[in-house]
Structure formats: C-alpha cells, structure tokens
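Good morning, and thank you for coming. I would like to go through the strands, the ligand site and the aromatic rings of the model now on the screen.

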Amino acid sequence: MQEFDKKEFKKNVEEYVGVFFRKPIEEASRQQVYQGVAYTVKNMIIDDWLETHKAYEEQDLKTVYYLSMEFLVGRALGNMITNLKADTSIREALEELGYDLETIEDEEPDAALGNGGLGRLAACFLDSLSTLGYPAYGCGIRYKYGMFEQKIENGYQVEVPDNWLKNGNPFEIKRSEYATTVKFGGYVRMIRDEYGNDRFVQENYQSVRAIPYDMPILGYGNHVVNTLRIWDAEAIDTFNLDSFDKGEYEKAVEQQNLARTICEVLYPNDNHIAGKELRLKQQYFFVSASIQRVVAKYMEAHEDIHKLYEKVVFQLNDTHPTVTVPELMRILLDDYYLGWEEAWDITTKACAYTNHTIMSEALEKWPIELFKRLLPRIYQIVEEINRRFILQILKEYSSDAKKIEKMAILYDGQVRMANLAIVGGFSVNGVAKLHTEILKKQELRDFYEMFPWKFNNKTNGITQRRFLLHGNPMLASWVTGKIGEGWITDLSLMEKLMPYTEDEQSRKEFMDIKYRNKVRLAAYIKENNGIAVNPDSIFDVQVKRLHEYKRQLLNILHVMHLYNKLKDNPDMEFYPRTFIFGAKASAGYERAKAIIKLINSVAEVINNDEDIQDKIKVVFIENYRVSNAEIIFAAADVSEQISTASKEASGTGNMKFMLNGALTLGTLDGANVEIVEEVGEENAFLFGLHSDEVIEYEQQGGYNPRELYNSDRDIKRVVDQLVDGTYSREDKALFAPLYESLLAGKGGEPADRYFILKDFRAYEAAQEKVEKAYRNMEGWAKAAMKNTAKCGKFSSDRTIEEYVKDIWHLSKVQK
Ligand code: CJB
C-alpha cells in the first residue's frame, strides 16, 4: 500500500458514489457513502492482497485451510481501517466530507455467518493468521441469509431473516474461474479402465456448480492479506439443450432447486444438531468444492501428489467438515488413481480435528440410509475406513466388543462423525485445558488410549485488535499511552500495566474510562430499549447464546430473589445493579425462548416498580451480535460465566470481558479456570460445583432438586414465582416448562439437569461478595486493572502460534 493520501481518498469515495449511484456525494444516502468508502478501502488493499499470494507461491509455503461451517466475522470496514492503521487519517477525511466514521461503520450489516463462539473463534483465528503472516484460507459457505436478526416483541423473541447481502457486499470478489462441480446422489458403478484397473464412477447424480467468493482478511500493519473463501451454489445450465425428454427435464428442475436451497440459510443451532438432510448437503458442498480446489492448486505448482501434506493442512472446525476425510480419499483414489494405503497416508497426515463441545446433543451422527443416498461414493469409502479400523481395534483389543461398540465409525445405523474425524486425522484438540482433560478421561477416553499422540490442547483466544483496539478506543489509547503500542500484536506486554495498579491516578483514569464506556452503553440501551440505566450502578453482564447449560436461568432466578429481598426489606443495604442480558435462542428451542420471555417479564415488573427506587434494573439487549458486543464488553463491570461446570468447552466471551477490565463471576469451567490462574482467585468470584462433582452426579442419574426446594424457603419462593403469575399475570402456565425442568425433568432427562438450584446459594454468596467488593472502589479498580493486565495469554495470536508449532508447521511469509 502506498502512503495514505487524503485528497486521493476523498476523490475516490466521491467517484465510487458517482459511478454506482449517479449522485454527487452531498446528495448520497449514508448507505451510499458507506459503499463508496468500502470500495475505496478495498481498493487500498488490493495490491497487498495480490502480492501476498504471489509471495506465498514464490516461497512455496505450506498453507492451512481452516474448514468451517461458520465464520462470524461481523463488520469488515472498521476492522480493515484498524488493521490498515488508517483510523485517524480516514476519520479526518470523512469529517471533511461531512461524516463521522462511526456513522458510516453503522451502515454495514454484520456478516453473521455463524451462531456464536465457534464461528467467532474462526474469525479471530483468521485475523491472527494474517497478523502473524501465516498462509491461510478460511473455507466456508456464503449463506444468503446469515444468523437471524432478533426482535423482541411483547417480551418474546421473533426471528427476522438476515438479508445481509441486500445492498451487495463491497468486500467480496466473485471468482468464477475457480468454479467446481459437486455431485450428489445417484449410484456408484465399477468400470474397468483401458489398463485393466477397476474404477468407481458415480452415475445418474445431481450436481451443482460451486462458485467461490473471496473476502480479504487483513493483517495488522503488515500488508499481509489472507482470504476467506466462501462458496455459493449455482445451477448447472442444463436448460440450454435443444430438446430433452421428460426425465431430463425433471432432473434439470431438481438441480435448479438443489442449487437454490443449498446456500440459502445458516442453521441457527448452537451446540445442538438438527440432523437435517440439507445440512449434510451443505457440509459436503463446501468441503468438496474446497478440497477439489486445494488439490488442483497444489498440482498446478507441484508434481507429486504423495507430498500434498507437506504443503497443505486441513483444520476441521468441529465435526461439521469431517467429510473432508473421505472426500480427500475419493479424489486421491478416483482422480489420481492412488492405492488405498498411499491415499490414507496422505489423508491422515493432512487432516486435523478440533472438538468444541462435550454436549451429547451436539454430537453429529447421520443415519446411514441418508448418508449413503446422498453421498454414495463417499459412503463406500467410509465403509472401507470403518472396516479397516475395526480390524485394527480387533488386533489391539482382541475380542473386546465394547471397544467396537464405542469406537466404530459405522454403528447402529449411523455414521459417527467425531469417530471418523479422529481416525482420519493426525491431531485431536480440545479448546481449553479442562475441556481437553475431560475429552481424554471421559468423552474420548478409548480413542485417547489407542492414539494418545493425537491428543493436544489449544486454549482458545480472541483478537485484541477487534475487542480492544476497535471496540474500546478510549481504553486502547490509555494502554498505549502507558506501555506503548506493542500490545496490539503482542498481548503478553499487557503485563507491563501491573505497576500502574498500585498508582492511584492510573486507577482513577482507568475507572473513568470504564465510566465513560458505561455512559456509551447506557445511551445505546436508551436508544434501543427505551430504558434509562444508571452508569453509577454495577453493570453485571451475561451475553452469549441462550442455552440451558449456560444458565441464564440461574442469573434471572437470582435477580428475582434479590427483588424479593428488597421488597421485604426496602431499607436493606443495596448497591444499585443493572443486570444486562443479550442472547439469541435457536428458533426451535422452546425452553430457551421461554427464558428470554422470563427475563423480559422480570424486567417489566422490576423496572416499573417505584418501590425499589431503581436499585435493580434488568435489560435484555435485542439482537446481540458482534457489532454491539464491542460496546457491551467495554462497559461491563461483572462478567457472568456461570455455565454448569464441564459443559462450556472454553468460552471466549469470558476473555473479551477480562481484556476490557471486567471481573469474572464464574464456575470452574472451560477457560474460566485458566483466567483465574492468570489473574488470581482474589480478582474473580468463583462458585459452584466442580466439573468432577457434576460428572459424578450425572453418573448417578442426577440429584434430587425437590429436597432442596422443600427445605429452602427462598429457593421455593422463586421457583413458585415461575407459576404463580408474579411474572405472567395473563397466563400462569407460561413458565411452567421452566418450573418443570427444575423439578421434574422430562422424557428420561433428570430434573434440574444443569444444577441450577444446587448452585443457587453458592451463586448468591458469590454475588454478595461482588457487591461488597464493589463498595471498595479502590480495591475494585485494582482488580479490574489486573484483569486487563493479565489477559496476555488469551490472545488468539498465542493460540495460533501453538497451532502452528504443534499441528500445522507453517512458516511466515517473507515480504
Ligand atoms: N461451540 O459455539 C459453539 N457451537 C457448537 O456447536 C459447539 C461449541 C463453542 O465453541 C467455542 C469455541 O471453541 C467455545 O468457546 C464454547 O465453549 C463452545 O460452546
């Protein structure tokens, strides 16, 4: 990139607006100006993008292909400006044009091609890969509709389609020259080729054209631009034949429909598998297109397919892209005519798998009938992988039938994707220390015993470029003022802030910034929710997907309990609190949706009760997403990380809060364990059952919440308030499903499966400690600053360096 030239920049914006909208800039809408700015910024990085790829080719560097159904990248413009280090100059240029940068940024829809943590992690990883200068592609799907937009109507979640492409996407480039064909269905026939070899060919299939769109992923200040390649489907044009019979015509129509539906919408499930046929089509579609292109590109520059793994590594983001294993085998066997052993050697050296959850409802299993019908050749290959693997089990464990039952890839009419991913790759990693230990000792124990060398931990991380530099500019410049700007690319340097925790003036500055960020969030809440909140109150925040295991219900039951106490005892000591929630529930997840309604109903009652004099406010922020997350993290005092121990594989929101100086109130789950290790127990609030206790109860079929309910008046009171109309005057049965989930369970599921009542008193006690700690402002300020100072480990830069060293073995590009 050349030096920034303000005049040139403004001229370009005006020209783009003119060319696209035939308007002088003074008459253009804000959206049109945004488009002009976006194209201008894209223009600024195009040369770097080209040169990066040229350098990769010249240096013949190994590349990681991060295969993921989700990339929750959010908005691109602000991120690019940040990473171009052009924030100040572009801000100035825009001001001269009569706009402020934030207003223009707000015109961009979030690219919400993901549900939550898993998709956002993929986006942070791409940012780090570019910033560190490693060759990488993100490979995914260009969903026409991303994560739905959430509206709250009368307290209920309503899902609105997210038509993020309606104004086009200025940052993408359609690469029709790399289109490939992906085949579904039909049958497999064996033929004998001219050399007398048996070959398998798929016949009578339906196919779609996969078209890649590339989006640039800019490194911070280093001119490295990697690519997020997302695939769209187009129909293969079979209608241009001169004539066709009935069968051909129907097939052409079916192919059109297939192409239309595949990339239509992201499944809005988090930690839960819906098992829909279309989802398997999506998986194979983007995997097949990606792998075909990767192999073709490799062969353009190399002779020997046997060495593919020296230049290529596929990271499977959860089991969703596991068909990578048989697809690569298919290409090697059927297109390159390799023998099974050779093909298997290459495949198992090229694939690596990340596990993101132990929730059983998230374990992907496909009915064999469906899998075979949709992917007949792939199924054959999976069968052979399974056959050989079972022989291996038999060899190592002779006749231990239990081993086969647990480890087989095909079992009980199902294809078990995790087992396939483990067997078909060289690495299996969990996403936090505790999670990896649980995988090794419990969930994947048999596999760990058989392949101990494959298992490793990679504790998640987040990018400080988005979640501090961009999201919290006041704190970012304060940090830079104290310790210089090295932290932007080396977060471990934040440790240098430690001495300032002892300095009164610095603490004052730090808390003053927190206050101003609370004012910013209060303004957002006022504008979006119409609720006035007091920035002097404690901002206690739980933002994440709505899931029973994340226990938003524990949080709101505790709010109900506090309200009861205040009503009983209006003069009790009480530090004003604002409880802030933000969460989307999967569209079909009834209990999760009932919890959203409950939070809003509780908010309605409490926020309008003059008796309690605004001591408690409850706010549910509509449509929680990457762009408003940045504002929320910056303003938080308390970070609620209260999942049932063992259930949250890592969590990454916890890290974003820490970075922004919030104190964790949490269980010993996921990465909370490591956060507390870094910052010290005295600077966090821990409570609740430990993971081994939870696992032990689970092995006994649960515990008896009724005993607790009957013996603890306060618990009984809040639980009863779910069904006595306190929060649902118009319909007492509204929250009955939640009441029942706590006391009765359903369909073999234990009562209070997530130990909400069991942990209630411990949570209450921890909350009391929070209040006490906050009253000591100096102590709180010190602890908050320590959180920021000790967050170095949680940069995704650190995580990526570990993946590179232990799994991917990449070299940095020389530029
Ligand atoms: N995760 O977001 C999802 N979706 C899933 O289907 C499974 C797991 C989350 O992945 C994050 C990134 O690794 C973790 O931090 C989080 O604990 C996990 O729930």
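Strand 15 and strand 17 (residues 414–416) run antiparallel and are joined by three bridges. Strands here are DSSP runs of E with at least two residues, numbered from the N terminus, and two strands pair if DSSP finds at least two bridges between them. Within this pairing, Lys-365 stands opposite Arg-416 of strand 17. This is a predicted model, in which local features need pLDDT of at least 70 and side-chain atom pairs count only at pLDDT 80 or more, while totals for chains, interfaces and linings use all residues. Residues are numbered from 1 along each chain as its sequence is written, and side-chain values use heavy atoms, with hydrogens and water left out.

The open sheet to which these strands belong has three strands in the order 15-17-16, with antiparallel pairing. Which strands stand at the edges? They are strand 15 (365–367) and strand 16 (410–411); each has a single partner strand, so one side of each is left without a neighbour in the sheet.

I turn next to strand 18. Strand 14 (residues 351–354) pairs with strand 18 in the parallel sense over three bridges, and Thr-354 stands opposite Asn-429 there. Strand 18 also pairs with strand 19 (residues 455–457), again parallel and over three bridges; here the bridge partner of Val-428 is Phe-455. Are the faces of strand 18 (residues 427–430) covered or uncovered? Both are covered: Ser-427 and Asn-429 on one side, and Val-428 and Gly-430 on the other, are all buried. Buried means under 20% relative accessible area, exposed means over 50%, and partly exposed lies in between, with a 1.4 Å probe and protein chains only.

Rings of Phe, Tyr and Trp (its six-membered ring) pair if their centres lie within 6.5 Å; planes under 30 degrees apart count as stacked, over 60 as edge-to-face and the rest as tilted. By this rule there are 26 aromatic pairs. Tyr-448 is partly exposed, at 29% relative accessible area, whereas Phe-455 is buried at 10%. Tyr-803 and Trp-808 form a stacked pair, because their ring centres are 4.9 Å apart and their planes stand at 25°. Tyr-803 is buried, at 0% relative accessibility, and Trp-808 is buried, also at 0%.

The charged end of Arg-142 sits over the ring of Tyr-213, 3.8 Å from its centre. That of Lys-584 sits over the ring of Phe-148, at 5.7 Å.

Finally, the ligand. How many residues surround the ligand? There are 16 (a heavy atom within 4 Å), and the closest are Leu-118, His-356, Asn-460, Glu-648 and Gly-651. Oxygen atoms of the ligand lie 2.9 Å from a polar backbone atom of Leu-118, 3.1 Å from a side-chain N or O atom of Asp-270, and 3.0 Å from a backbone N or O atom of Ser-650. The protein covers 95% of the 420 Å² of accessible area that the ligand has on its own, as computed by the Shrake-Rupley method with a 1.4 Å probe.

Conventions
Lys NZ or Arg CZ within 6 Å of the ring centre and 35° of its normal. Helix = DSSP H or I, 4+ residues; strand = E, 2+ residues; numbered from the N terminus. Polar contact = N/O pair within 3.5 Å; in protein donor to acceptor, adjacent residues only side chain to side chain.
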